[in-house]
Amino acid sequence: MRFLTLAALLLGTAAPALAQTAAPAPAATDVPVPPTYPATPPKLIVAISVDQFSADLFAEYRGRFTSGFVRMMQGAVFPSGYQSHAATETCPGHSTILTGSRPSRTGIIANDWIDQRDNNRPDHKVYCAEDERVPGSTFKDYTVSDTHLMVPTLGERMKAADPRTRVVSVAGKDRAAVMMGGHKVDELWWFGKDGFVSYAGRKMPPVVARANAAVAKQIATAQPPMTLPTFCQPLARAVSVGGKTIGTGRFAREAGDVNNFRRSPEYDAAVLALAAGLIQDMKLGQGPQTDIISIGASATDYVGHGYGTEGSEMCLQLTSLDQSLGEFFKVLDATGVDYQVVLTADHGGSDASERHAEHAIPEAVRQDGELTVEGIGQAIGKKLGIAGPILFGGVNGDVWYDIKLTPAQKAAVEREAIAMFAAHPQTQAVFTRAQVMATTVPNTPPETWTLLERARASYYPPRSGDLLVAMKPRVLTLPHPVVGSAVATHGSFWDYDRRVPILFWRKGAGGFEEPFGVETVDILPTLAATIGLNVPKNEIDGRCLDLNPGTGSTCR
């Protein structure tokens with residue numbers, strides 16, 4: 001595995017590639033002993049987010065895993081976790097995992113949004129993990145910051161209760177590291193242009209320098225095609241998407257190709273190797289307090305966007321990540337630390353429409369290229385005699401009106417926008433700000449929510465749009481013709497983007513599976529209960545999930 005190469009360079013050692021196995025079944029004469037969750041708090045919390053790891057992918061591959069995921073499946077398995085909100089993107093999803101709060105409370109309504117008060121940006125776009133107040137910062141060349149996250153993370157709450165707590169966050173993407181780490185971190189690193197970087201002025205620890213040297217060496221080395229496991233071979237079927245062919249890739253890479261390094265199993269291997277190195281060097285979990293590290297594995301998302309979810313590429317990515325996770329857990333085991341792991345995802349994803357079409361799913365189509373916010377804004381402006389641009393934003397999400405409109409113009413624009421969006425056959429629903437704000441944030445099972453309730457869970461009034469537009473199910477919001485490297489995406493109101501697995505594992509805890517729907521916002525109160533941390537219920541949206549497989553409860 002490529003993880004072993006990186007781990008050997010970074011850590012100086014590499015464990016043999018052995019699969020994690022379940023404990024032997026008791027003999028027939030043994031009297032079963034009901035398992036219980038350990039009575040003492042874990043010394044280290046490890047929170048892993050696998051970007052775009054949908055519940056559908058988990059179900060598809062869970063029988064193929066042999067290593068790290070196998071260990072996680074020996075714990076508490078919630079196969080129907082929900083990023084319950086409508087804004088199923090990377091930044092909102094990561095903002096829920098360790099805050100216990102939905103985007104309506106975290107303020108992270110999307111990967112980016114429109115703020116027309118900033119006249120220095122012609123497009124008015126603001127990135128979710130930037131500080132746009134920094135002089136010279138632009139949407140494309142931004143200063144990474146946690147300023148937009150409106151609530152504390154679990155790490156922050158732990159540090160407030162015990163200042164000795166170390167909070168560490170590592171990810172392939174800056175927004176994953178920031179949204180899971182929060183405002184008070186001891187170490188926070190993400191992959192920049194060609195290596196791991198952090199906030200300006202932060203000193204680089206030796207382990208990060210070693211990681212960057214290992215990554216540089218890895219990138220500089222050409223990679224041959226990976227060996228395709230037998231069970232992946234039926235998926236290796238070429239599919240044409242515009243001028244690109246997907247479905248048969250095996251991650252061969254030329255020397256120096258950083259983009260394809262990101263879009264391969266090597267990328268997650270590097271992130272996990274750095275996380276393991278930080279745990280070792282910082283001796284996380286070896287003090288009197290409980291420490292926490294969050295890890296954002298981003299390659300599954302890049303693979304899903306670049307190749308879709310159902311070809312040889314995703315099969316190789318997930319089976320490789322399984323092995324990398326197994327090696328990562330062995331490093332943790334070697335420390336002797338009692339650690340609690342939770343693994344989930346920031347959102348799900350959909351496959352390329354062209355492959356769906358070959359599998360006789362006619363409703364799976366690409367968005368009409370004529371259906372754009374700009375086009376509808378221009379049509380409204382022409383009809384009403386109002387100079388543009390009139391509307392900002394994107395289809396399948398928030399749409400903002402030009403703030404220079406008079407109240408009368410705004411009312412007229414809203415009527416026309418609703419009518420034009422709703423008239424398109426690919427549109428499922430259009431909601432106004434008033435409709436969303438009149439809706440109560442639900443507390444019912446997430447699988448039962450209406451589209452309007454899903455929209456409300458994503459809605460933060462100071463940032464959200466004047467309209468929310470929902471595309472019909474299976475409409476892929478990457479229109480014809482396909483431009484750039486992406487062939488598939490996520491971000492819809494629908495369950496294939498909302499449903500993600502939530503897996504908890506701790507040595508000696510036993511395991512069980514709960515098929516009913518739960519939410520990613522339930523992770524914070526669940527972990528907080530295991531360490532005896534009090535979190536006021538009125539400050540979060542989640543509830544505690546009992547991890548005790550016996551009659552006792554970890555929710556106390």
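Mentor: Two strands count as paired here if DSSP finds at least two bridges between them. The model is a predicted one, and the part to look at is strand β2, which covers residues 76–82. β2 is mostly covered, with 7 of its 7 residues buried, where buried means under 20% relative accessible area.

Start with the antiparallel partner. β2 is joined by 5 bridges to strand β18, residues 499–506, and the two run antiparallel. Within this pairing, phenylalanine 78 of β2 stands opposite isoleucine 502 of β18.

Two further partners run parallel to β2. One is strand β19, residues 512–513, joined to β2 by 2 bridges; there, alanine 76 has phenylalanine 512 as its bridge partner. The other is β20, also parallel to β2 and joined to it by 2 bridges, with glycine 81 bridged to valine 518.

β20 leads on to a pocket. Strand β20 (518–519) and helix α19 (523–530) are the elements that give two or more residues to the lining of the second largest pocket. α19 gives the most, with 3 residues. This pocket has a volume of about 580 Å³ and is lined by 25 residues, with Pro525, Ile540, Gly542, Arg543 and Cys544 nearest its centre. By class, the lining residues divide into 12 nonpolar, 6 polar and 7 charged.

To sum up the strand itself: β2 is joined antiparallel to β18 and parallel to β19 and β20, and 7 of its 7 residues are buried.

Key. Residues numbered from 1 in each chain as written. Predicted model: local features only at pLDDT ≥ 70, side-chain atom pairs only at ≥ 80, totals over all residues. Heavy atoms only, no water. 1 Å grid on protein atoms, 1.4 Å probe; cavity = no way out; pocket = protein on both sides within 12 Å on 5 of 7 lines; lining within 4 Å. Points joined across faces, edges and corners; volume = space filled by probe spheres on them. Helix = DSSP H or I, 4+ residues; strand = E, 2+ residues; numbered from the N terminus. Nonpolar A, V, L, I, M, F, W, Y, C, P; charged D, E, K, R; others polar. Buried < 20%, exposed > 50% of the residue type's maximum accessible area, 1.4 Å probe, protein only.
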